[in-house]
Amino acid sequence: MSLKIGIVGLPNVGKSSLFNALMKREQALVANYPFATIEPNIGVVSVPDERLDKLAKWFNPKNPPPIVPTAITFVDIAGLVKGASEGEGLGNQFLSHIKNASIILEVVRDFEDPEILREHSKNPDQDAEIIETELILKDLESLEKKLDSIKKDSSKKEETGFLSSLQEKMSSGEELGISERDAGNEKISAILKELNFLSLKPKIYAFNTDASKIGAFDKKRTLRSKPVIYFSAKTGEGLDDLIKTCYETLNLISFLTVGEKEARAWTVKRGAFAKEAAGVIHSDFEKNFIRAKVIGWQKLISTASFADASNKGLIRTEGKNYVMQNGDVVEFLIGK
């Protein structure tokens, strides 16, 4: 499963500094002036997973197999400003770079530094409102183009009616929400998938603050009903919380495999069946799935070997409808 996170925010709030902290190297330009980022910065980050290290050392203490953690792609785009949809700043065309993001990370400035310009930025709540408005306006732009292209097509009456009502909501500033009935409608579901609205994506607010203050904040705080995490772009503190919150927001878990070749983490949606999980490794695994041998990673490393775990009755045989659990170590048995 590919996990892509789009980083957005006003200029000079610490987006590129966050990106660099994630990459652990100076890949993005950091500068004390607005719009230092024009072309998107794209980087892949390995997700730290202590379970893999323990599994690899358990499998072969003298010569552990290589570790392959799951990964997240981060995309850092140019700063948005109020009026970007009308051409202010650099406009909003670069929002297309995060259209396929799984989640949007909205960085807001929550630090005081007189040496760093605070153009456009006022306070976290107001900054977040500006960004949200610009995302909606970008969606409205996409919606209107699509509406213009289909409204004369008599076979698209249902889609036209739906998009017209959505256009009304967006234009009046109403919060977007898709009913279960509409989401379950095949035609409407297809057009929503095509438009891929930015304002409907899961969001996390990342407050860039002073490292000394991070521990004092309420970890259950929300902004606009979305989760808030605190980090320091200057020191890199808080990044593990950021990654963990992304996983929780998207309802993801990891299952594990280990052998001579590698110890590896694989990402699936919480609630995924064993057969679906097999398909994450290879599509043929899902197609030719027979059964899965499963054991929790902690139980496994308490034994001497796979054979020892099997002799102790700790390895279970599960069928295609087994619901995967976070930290399962799995061996899939595949037919031809």
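The model is predicted, so local features need pLDDT of at least 70 and side-chain atom pairs count only at pLDDT 80 or more, while totals for chains, interfaces and linings use all residues. Residues are numbered from 1 along each chain as its sequence is written, and side-chain values use heavy atoms, with hydrogens and water left out.

User: Why are α3 and α6 called oblique to each other?
Analyst: Helix α3 (residues 124-150) and helix α6 (residues 186-195) pack at about 130°, with axes 11 Å apart. Angles under 35 degrees count as roughly parallel, over 145 as roughly antiparallel, 65 to 115 as roughly perpendicular and the rest as oblique. So α3 and α6 are oblique.

User: And what makes α3 roughly antiparallel to α4?
Analyst: The axes of α3 and helix α4 (residues 157-172) cross at roughly 150° and come within 10 Å. That angle puts the pair in the roughly antiparallel class.

User: Which handedness does each crossing have?
Analyst: α3 and α6 cross right-handed, while α3 passes α4 left-handed. Left-handed means the near helix is turned anticlockwise from the far one by less than a right angle, and right-handed means clockwise.

User: How do you know which residues of α3 and α6 meet?
Analyst: Contact means heavy atoms within 4.5 Å. On that basis S142, L143, K146 and I150 in α3 meet I191, E194 and L195 in α6.

User: Which residues of α3 meet α4?
Analyst: Among them are I136, D139, L140 and L147 in α3, and the α4 side includes L163, L166 and M170.

Key. Axes are lines fitted to C-alpha atoms, for helices over the stretch in contact, and angles run from 0 to 180 degrees between N-to-C directions. Helices (H or I, at least four residues) and strands (E, at least two) are DSSP runs, numbered from the N terminus.
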